[in-house]
Amino acid sequence: MAVDRPRTIVIGAGIGGLAAALWLSDAGHHVQVFERHSAPGGKIRVIPSAAGPVDAGPTVVTLKRVFEELFADVGERLADHLTLRPAPVIARHFWKDGTTFNLFADIDATLAEVRHIFGARAEADYDRFRKGAALLFEEFEPSMIRAATPSRAALTLQTLRKPSLIREMKPGLSLKTALRRSFREPRLAQLFGRYATYVGGLPSQSPALLSLISDAEAQGVWSIDGGIHRLPSTIARLAKDRGAELHYDAHVTGILTKNGRVNGILCNGKEILAETVVFNGDPLALADGALGADATSLVSRMATMPRSLSAQVLSFASRLPADQPDLSHHNVFFGDDPDTEFQPLKDGKLPEDPTLYVCAQDRTAGATSKGVERFEIIMNAPPTTAYEGQPECHHMILKQLAAFGLRFQKEPTARDLTTPQMFDALFPQSGGSLYGRSPQGMMAAFKRPTARTKLRGFYLAGGGAHPGAGIPMATLSGRHAAEAILMDQTSTSMSPRADMPGGMSMASATMERAPSRSSAS
């Protein structure tokens, strides 16, 4: 090991940890990544099937520019390593009364679809809603999402400068209430209420501000040739090309400290020294002692509470019989009443009339399939083990889909199901929550832990840290951690530099205002 290179350890090879590893290795750090599983990706995971690896986690990429920036920062082009294909249909939605509705990548096509399915009044409502969501995203992406430490004072000043933001934020209203006021068509309110679940929340408990998630999706949805798992594996390879070492099946059980700062880790019974450590895991695990007593005070349990949703996930391969619903890549099959789904979830129970997400993995970019296909089906579930009957959960899922006429020649079984308890085993001391802290409450965005901790040299990355859940957000958390490390390294250096090796400067794009939609390429 070169003794003159800063040593950084990354605990966890999820997308946030991998992004931090790539940035730091390109900046000249000697990086070692320790992952308890046998492959990179974290929650971007696949399992084998008769048709090849099938997704058992995230399925597509949004906010593609986040990944273009990541690759560009280290002198690479995303397109040289991965082929991303835009989805012409963002999602296809089904109701039991026979209504089918598409959200298209083309906004004019979506407006025409709303008018055709729901009428002219609904089209006007949707047009107002999507413009408001776009304004919120454009304003809050630089000041909240891309800011390393979001500030309530900065948010207040921002709204004072642009009072129209207050009207769109709808302070004090839940997403559920705001949508019911925005849409006279209840099915559209039901549709956009689901965006709270994309970050592990319930519409009745999440702030109306979360409507901006719909704009992040409206900016484009991409699938990756070969599967989304190729994204973390490619980032891992690029980090390795820059000297990073990746250790799999490596169980980190503690951190080492010396003179008030981190000094390394304890992994598989061995001490490994480093000046900085990045923890890419659920912050709750720290508070609960996953890395020993020295780490329990680094994250307040209150910063990780309340917990986000978990899920029941079926991943399998099968043929579809003839005369099935016409599936797109993304499909949502709605229950009759969102209240009968979300109230049980709030009470820690499984819904009896759930809304189901079905990913037809082989129908990317408008493709169709007549052979064996790969499917992922997701049903929201509480994060705890307070309910019973999970081995039979797949029967409830299949029964619900059958009500829409969707059946599979070879039905999935309980062996194809990943439960909240299993997610807790895969990601220990997470309680099965897939998104870390819930977005519950108006100030939830300010309560997530940020990259820096109270222990010098110890940093956080991943979906449980700011800016939150989702592949682009977790990637940005890796950027926040890397920038904090490089800034702190420079501030304590005897010969500080304004720019970092590899092109990642102190005044990087993420520290500045992001380009407006009209000026973004």
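Select Ser438 and show its surroundings: leaving aside neighbours within four places in sequence, Ser438 is in contact (heavy atoms within 4.5 Å) with Gly200, Gly201, Pro306, Arg307, Ser308 and Ala444. This is a predicted model, in which local features need pLDDT of at least 70 and side-chain atom pairs count only at pLDDT 80 or more, while totals for chains, interfaces and linings use all residues. Residues are numbered from 1 along each chain as its sequence is written, and side-chain values use heavy atoms, with hydrogens and water left out.

Stay with Ser438 a moment. Ser438 belongs to the loop between α15 (420-426) and β20 (458-461); helices (H or I, at least four residues) and strands (E, at least two) are DSSP runs, numbered from the N terminus. Its relative accessibility is 6%, so Ser438 counts as buried; buried means under 20% relative accessible area, exposed over 50%, and partly exposed in between (1.4 Å probe, protein chains only). Now show the backbone of Gln440: the side chain of Ser438 reaches its nitrogen at 3.1 Å. That is a polar contact, meaning a pair of N or O atoms within 3.5 Å; within protein, one must be able to donate a hydrogen and the other to accept it, and residues adjacent in sequence count only if both atoms are side-chain atoms.

Next, select His394, in helix α14 (residues 393-402). His394 is buried, at 6% relative accessibility. Its side chain and that of His395 are joined by a polar contact of 3.5 Å. Beyond neighbours within four places in sequence, His394 is in contact with Leu314, Pro412, Thr413, Ala414 and Leu417.

Is Ser38 buried or exposed? Select Ser38, in the loop between β2 (30-34) and β3 (46-47), and you will find that Ser38 counts as exposed, at 56% relative accessibility. Not counting residues up to four places away in sequence, Ser38 touches Tyr248 and Asp249.

Now for the aromatic rings. The whole structure holds 14 aromatic pairs. Rings of Phe, Tyr and Trp (its six-membered ring) pair if their centres lie within 6.5 Å; planes under 30 degrees apart count as stacked, over 60 as edge-to-face and the rest as tilted. Pick Phe101 and Phe118: their ring centres are 5.3 Å apart and the planes stand at 55°, so this pair is tilted. The pair links distant parts of the chain, with Phe101 in strand β8 (residues 100-104) and Phe118 in helix α4 (residues 107-118), 17 residues apart. Then move to Phe183 and Phe192, where the centres are 5.6 Å apart and the planes at 10°, so this pair is stacked.

Phe192, Phe140 and Leu231 have the most contacts inside the largest nonpolar core, which has 89 residues. Such a core is a set of buried Ala, Val, Leu, Ile, Met, Phe, Trp, Tyr and Cys residues joined through side-chain atoms within 4.5 Å. Around Leu231, look for Ile15, Val61, Phe67, Leu82, Ile224 and Ile471, which Leu231 touches when residues up to four places away in sequence are not counted.

Finally, colour by pLDDT, the predictor's confidence in each residue, from 0 to 100. The protein chain has a mean pLDDT of 90, and 91% of its residues reach 70 or more. Over residues 494-521 the pLDDT is below 50.
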